[in-house]
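User: I am new to this structure. Please walk me through it in short questions and answers.

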Amino acid sequence: MRRSSGSQYCRCVRFEQRLRDGIHSGAIVLAFRRWKRSQVVPGHRYRTGIDMVEVESVDVVEPSSVNAAQAREAGYTGVAELLADLRGDPALPVYRIRLRRIDEPDPRTELARTARLTEADLDAIRARLARMDKSSSRGPWTVPVLELIADRPGIVSTALAEAMGWERQDFKLHVRRLKELGLTLSLEVGYRLSPRGESYLNYLRTGKQHESG
């Protein structure tokens, strides 16, 4: 896991596949990490890529205090396997993170489904995108990326990145910021605009909102 922003629903935490699958199945409720400082916050919620989880507690522990029950809760057969899998400088503190899977929809999904936008919604999206454009070294990029996704839904991200003249990973990070606003959806291959994104882009193009069924 990596640190995210400080909002309640945090966005940039990375969960490895083993941890992601274990949380989803209910087999894993603990994680152990070597960090210089805590990268997660108790009470905050994070996306695993499959589920939402809440961090219930974060404690610094001595490796010698980890027991067999905790190892099993972390998805390992025993303490030795857990400690062998710890990455990072052995001099760093070991953090024990207790996690709880949240059985409720991702707020981004609910936001993305909202096709009918109020004037306040439009103003808020405009202002947010303007701030993102202003803070970017690339200059205004938000609307061009929305237009590209609208015109080329389901196209592999490598091709979309090339169309923008960007590196693929950089392009994906930028699209993720649009997804946080409920404007795009990830597909098995590529992306498409969400109903909210379609409505906003149609408003920009025509002055009218997209009427989604």
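This is a predicted model: local features need pLDDT of at least 70, side-chain atom pairs count only at pLDDT 80 or more; totals for chains, interfaces and linings use all residues.

User: Which strand gives the most to the lining of the second largest pocket?
Analyst: The lining of this pocket has 13 residues. With four residues, the top contributor is β2.

User: How much space lies in the second largest pocket?
Analyst: Glu16, Phe32, Arg33, Asp85 and Arg87 are the lining residues nearest its centre. The space in the second largest pocket is about 270 Å³.

User: How many charged residues are in the lining of that pocket?
Analyst: Sort the lining by class. Seven residues are nonpolar and none is polar. The charged ones number six.

User: Is Phe32 buried or exposed?
Analyst: Phe32 sits in strand β2. Residues it touches beyond four places in sequence include Val61, Leu82 and Tyr95. Its relative accessible area is 5%, and buried means under 20%, so Phe32 is buried.

User: How far apart in space are Phe32 and Ile97?
Analyst: In sequence, 65 residues separate Phe32 and Ile97. C-alpha to C-alpha, the distance in space is 6.2 Å.

User: How many residues are in the largest nonpolar core?
Analyst: Members that touch the most others are Leu129, Val145, Leu146, Phe171, Leu178, Leu183 and Tyr200. Elements that each supply at least two residues of this core include α5 (119-135), α8 (168-180) and β7 (191-193). Apart from this core lies another, of 14 residues, with Val53 and Leu99 among them. The residues in the largest nonpolar core number 22.

User: Which tryptophan is in contact with Phe171?
Analyst: Set aside neighbours within four places in sequence. The contacts of Phe171 then include Val145, Leu160, Met164 and Tyr191.

User: Which residues of α8 are buried?
Analyst: α8 has 13 residues. Residues three or four places apart in an α-helix point the same way. The buried residues of α8 are Phe171, His174, Val175, Leu178 and Glu180.

User: How far does α8 reach from its first C-alpha to its last?
Analyst: At 1.5 Å a residue, the expected span is 18 Å. The model is close to that. α8 reaches 19 Å.

Conventions:
Residues are numbered from 1 along each chain as its sequence is written. Side-chain values use heavy atoms; hydrogens and water are left out. On a 1 Å grid over the protein atoms alone, a cavity is a set of points where a 1.4 Å probe fits but cannot get out, and a pocket is an open set with protein on both sides within 12 Å along at least five of seven lines; lining residues have an atom within 4 Å of a point. Grid points are joined across faces, edges and corners, and a volume is the space filled by probe spheres set on the points. Ala, Val, Leu, Ile, Met, Phe, Trp, Tyr, Cys and Pro count as nonpolar, Asp, Glu, Lys and Arg as charged, and the others, Gly among them, as polar. A nonpolar core is a set of buried Ala, Val, Leu, Ile, Met, Phe, Trp, Tyr and Cys residues joined through side-chain atoms within 4.5 Å. Buried means under 20% relative accessible area, exposed over 50%, partly exposed in between (1.4 Å probe, protein chains only). Contact means heavy atoms within 4.5 Å. The expected span of a helix is 1.5 Å times one less than its number of residues.
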